[in-house]
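Please look over the sequence and the model shown here. The text then goes through two parts of it in turn.

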Amino acid sequence: MSESAPVSLWLDDPPTVGAVLVTHNGATWLPKVLASLSAMSHAPDVWRAVDVASADGSAELVRDSFGADRVVRAPRGTGFGDAVRLGLEAMPRTDWIWLLHDDSSVLPGTLSGLLDIATSAPDIAIVGPKIREWPSLRRLLEVGLTITGTGGRETGLEAGEPDAGQHDRPRTVLAVNTAGMLIRRDVWDELDGLDRQLPLYFDDIDIGWRAARAGYRTMTAPSAVIFHAEASTHGVRRAMSGDRPLWERRRAGLFVQLANTGRVMFVWQYVRLLCGSVIRVLGLLIAKDPEAAGDELLAVRSVYAHPLRLLRARKARLRTARRTNRAVGGLFAPAWLPYQHGFDAAREAFVAIVNPETIETVGRRSSLEHTPDHVEDLDEGPPLLQRRPWLVTIIALSVLSLVASRTLLGGIFGGGLSGGALLRAPDTAGGWWSLLIGGDRGVGFAADAWGPLFALPLAVVATPIWFRPDLVVTAVLIFAVPLAGVAAHRLGRRLSPHRGHRIVWALTYAAAVAAVGAVPQGRFGTVVALIVTPIVVNLGLQLAELPRWQTALRLGIWIALGAAFAPVLLPMALLGLALLWFLEGRWVSHQLVVAVLTPLVLLGPWLIDRAAVPWRWWWEAGRPLPGTESLLDIVAGRAGGLQAPWWLSVPVLVLAVVALVPRHTRASVSVAWRCGLIALAVALLGHVVSFEASAGRVDLAPWVAVPSVIWLAALATAALMAAPALQRIDRRVAIAALAAAAVMPLGVGGWWLAGGVDGPVDPSSDLAVPAFLADRPGLTLIITGSTTDGVTYRTVAGPGPFLGQEAFEPSASASKDVTEAVQHLLGRGTDADITTLAAAGVDAIYAPEVEAELARRIDSVPRLEQSGSDDPRSRVWTLSSEPTLRDGRVPAWRRVVAGGLVIVWVMAVLLTTPVRRRRADVVDAKEMAS
């Protein structure tokens, strides 16, 4: 049967209609509502108004309009359905019942439009109007309703969608709003009206669902229009005792879904909604909406704590049901819709956590209403480079990064990057999760070390791309320079109001990250730490300007994040906070305590692994490769190894010295110099010390790139602070200073593009041992070095460690026994040494680029069998003894502590996100009625 609008044939024999208007503190809207009801072209035959204990004069308004004999008083707390029943009891029986709210006005033809649809077919039992928003009058609120599988109310409309006639075709729906609902009296009696368990919310969806299962249809009548203020939903109605709490809405949604779900799906829905509510509570806490999370818990408790009430409701619905839910399944929302809403909410929560200052509160009025009458044609305006110079700069920098990293692009399509200090990524994101809270870390030996904290952010970011965690590492390395530039420019906006100056300064910092050679050497920890450092400084300045505990907590989190990848950032940050305390004194004392304690707590036991062994905080994420810097490299902001020419940094040094001359900016310049000298002192300390990364490894010279780049960045900051003063001295001085400042970014940029990322890092496979050894069940002992310069060893399980596993070392007893056995092998090995290795789980020895004398000594050891190798420069020996296989599992208590540390991180992040406070709607009630 066609659902097009019918002709008004009912006018020859019009059905009787009884209207029930329910009021409760609606005096703000009632004058317009009553005026609209008196101007209808076809009016109801009978009127009754039911006032529910109004205290604002609503009862007097309806009494003056309808007469005292047509007004029924209801006690406080009476639900909408019960109020309608009181009105029906006080009026003659009619063919149809028209339900009205005190905050919804009608048009002259509203009732006629409803009757047009209501009388078009005998199976139509409920008809609802098209509802527009009051006061906008044009935005659609509802043209029919349905419910999602998670108990959510769904209109099928976009937020703020205007009425342009796109929904003007009458159609069958699951339900319509009680505001303006026209329902047959016999169907009302058959279904026993609105459910008393739903006094305010979801009563419309519930009766529509029950009507559909009873064999009736609910239709929309788009030609009938009402304007609804939704006063209860938006909290603009005057509240008083007896009113329903806000969590009642969610309780009603859960109740309707469980009360009407069929027998087959009931148990599934019962468990699903309970688990979903728990997840919803966690999501609301992440979104910093604790009040809504509390409402969710109260709603769940109210429904699930009264199972008998739910069973009685289900039994009552079975008495009127003639069709199954499957038969009316087309009326429900799509199954995927709740998850789409969940994704949108998660995205908003993520934005609130990462960039909370971008969160804006938008009222019900569209921003389009405030659009100026005259809008310039963008095509006639200034060019994009002039309007958004930094946007153009960062886009260009990203493109140049792709060009310079051309040798790394294969990692996007292959298995990721490795080489130098960089280990391969795990096969899945679960590899990083297992390093933190998993039972088997895949390193063979029982390990004493705690899981590396940098595995936590890597695991979180890689979880959405579970099977390609290598993309996280690849993206950070390829776009390291623009990422550092973005972080620096954000800090530059706080340091200088001059756009050109801060852009040059941000490019200088980005150039320093490129020039230090961290990317080609695979120094992933250095790259992340240098990206994080400007954020840490920015938050430190925010704390100095406006001390708040949330800012201090956020500062501590970012320090912990950077220190997880490059632990040397922690002592540097603590020294910086000490400088802040010295400069600001008691003004920030309490907040500084929070900022200091936060990273210490978040780094947890892993910090002990790095602090307990002298100087081990120089060991960054990845292989502990030695640094090769000279004093000149350090002063020039380099760290040795692959790098740009050192003399490109000389203009920055000169400008920083010149910046001390102007008196007007000397105070801020001196602060930048102090920070730089702290970083320089840490870099020089790293030049004279060494550290031991793991058992059997010789002392290593630290890689001092992080303090060296911070030293250079501090000098550039000094020049930035003095730039306005230098500009006022003389135009020629300003031009010379700008030219000198551009030397480093332009020079390093040219070197970077021409040479590209030329280093150990590449998309090739990172198998530590030949493939046939990786397939063996035991461990492989890898021996490197020579008999003259010294020999080092390490053990690997399978193909070798991935990023994060390098942090684990064998237990003291296992490493001691293996070390002694290796020493004996290089002298005069015996059967006992082979037995020791087999007991430790070793079943093969691999020597890449082996020395002839070293190979001869190992050949003489009994119970070692020579095996083939895929490289003539290497040798392989297998043990004749069966190895003792170990699963590498850690004690359960360590997993509990690690899991608790993850929870602490989550709680700390949640505490820094903006809190949503429940408030009245931004549109004033009087404005809505005007």
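**A sheet and a buried leucine**

T780 stands opposite A844 in strand 15. This is a predicted model, in which local features need pLDDT of at least 70 and side-chain atom pairs count only at pLDDT 80 or more, while totals for chains, interfaces and linings use all residues. Residues are numbered from 1 along each chain as its sequence is written, and side-chain values use heavy atoms, with hydrogens and water left out.

Strand 13 (residues 779-786) and strand 15 (residues 842-847) run parallel and are joined by four bridges. Strands (E, at least two residues) and helices (H or I, at least four) are DSSP runs, numbered from the N terminus; two strands pair if DSSP finds at least two bridges between them.

Five strands form an open sheet in the order 14-13-15-17-16, with mixed pairing. Strand 14 (790-797) and strand 16 (864-867) are its edge strands, each pairing on one side only. From one strand to the next the twist averages 25°. Axes are lines fitted to C-alpha atoms, for helices over the stretch in contact, and angles run from 0 to 180 degrees between N-to-C directions.

Helix 33 (residues 852-859) packs on the sheet and touches strands 13, 14, 16 and 17. The direction of helix 33 makes about 15° with that of strand 17 (875-879). Contact here means heavy atoms within 4.5 Å.

Elsewhere, L182 lies in strand 11 (residues 182-184). L182 has a relative accessible area of 0%, so it counts as buried (under 20%; exposed is over 50%, partly exposed in between, with a 1.4 Å probe and protein chains only). Leaving aside neighbours within four places in sequence, L182 has contacts that include V17, L111, A125 and W98. L182 and W98 are 84 residues apart in sequence, yet their C-alpha atoms are 4.5 Å apart in space.
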